[in-house]
Amino acid sequence: MPVPDPQHAHMVCRMGLAMLEKMHKFRNDQGKPIEIRAGAHSGPCVAGVIGRKKFVYDVWGDAVNTASRMESHGEKMRLHVSQATYELIQEDFVCEDRGTMQVKGKGEMHTYFVSEETETSKARSKQATSRAKTSRRRTMGVGMQGVREVQLDQHADWFQNRKEEEQPSGSDQV
């Protein structure tokens, strides 16, 4: 968000698996591991900034609610995804078919657990990330240069206008 990305499901699953992996480092006050659940769903949603005094970026829609249901109906330390997300990632992630289950507010849904990303997909992702960073650097460089040029032009115009305002007109000269 806010720009649609055809790899959104892949990115969300990578993030979910990374979160679960990092949680192994954390312990509660009693020294026991902190366990979380993660869920993902793919579908349309709406995002925007809300608030009058304190601004918050938020996302709404059935897809958000379904992702929340995937988390709440999942298991500790597992990434639980819907059929819609599975269809987008199935070639690149190792998934365990969980079968059909009753999901609160949604009815019966076929769901899956995602256990890991394939090595082939990881390699493709690294190449794409490297290309995107290079492209972004070029775009940002050009964009920043263009912004600076516009700012300099605006300053030059402002100074020129100031000079003209400060000079007396021909009729005011003695």
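Here are some friendly notes on the structure above, point by point.

1. Before you start: this is a predicted model, where local features need pLDDT of at least 70 and side-chain atom pairs count only at pLDDT 80 or more, while totals for chains, interfaces and linings use all residues. Residues are numbered from 1 along each chain as its sequence is written, and side-chain values use heavy atoms, with hydrogens and water left out.

2. Strands β2 (residues 46–50) and β3 (residues 56–60) run antiparallel and are joined by five bridges. Strands here are DSSP runs of E of at least two residues, and helices are runs of H or I of at least four, numbered from the N terminus; two strands pair if DSSP finds at least two bridges between them. I50 has V56 as its bridge partner. Five residues lie between the strands, and G51 takes a positive phi near 115°.

3. A nonpolar patch. V46, I50, V56 and W60 form a nonpolar surface patch with about 330 Å² of accessible area together. The elements giving two or more residues to it are β2 and β3. Patch members have over 30% relative accessible area and no salt bridge, with nonpolar side chains (Val, Leu, Ile, Met, Phe, Trp, Tyr) joined within 5 Å and like charges within 9 Å. Areas come from the Shrake-Rupley method with a 1.4 Å probe, and for residues only the protein chains shown count as cover.

4. T85 in helix α3. T85 sits in α3 (residues 83–89) and is buried, at 1% relative accessible area. Buried means under 20%, exposed over 50%, and partly exposed in between (1.4 Å probe, protein chains only). Leaving out residues up to four places away in sequence, T85 touches A9, C13, A40, H41 and S42, a contact being heavy atoms within 4.5 Å.

5. Cysteines. If you are planning around disulfides (cysteine sulfur pairs within 2.5 Å), the whole structure has zero. The sulfur of C13 is 7.1 Å from the closest cysteine sulfur, in C95, too far for a bond. C13 is buried at 0%, whereas C45 is partly exposed at 30%.

6. Salt bridges. There are nine, each a Lys or Arg side-chain nitrogen within 4 Å of an Asp or Glu carboxyl oxygen. R14 pairs with E117, with the closest N and O atoms 3.0 Å apart. R14 lies in helix α1 (residues 8–22) and E117 in strand β6 (residues 107–117), so this pair ties together parts 103 residues apart in sequence. R124 and D92 meet at 2.3 Å, N to O. E75, R78, E96 and R98 are linked in a salt-bridge network.
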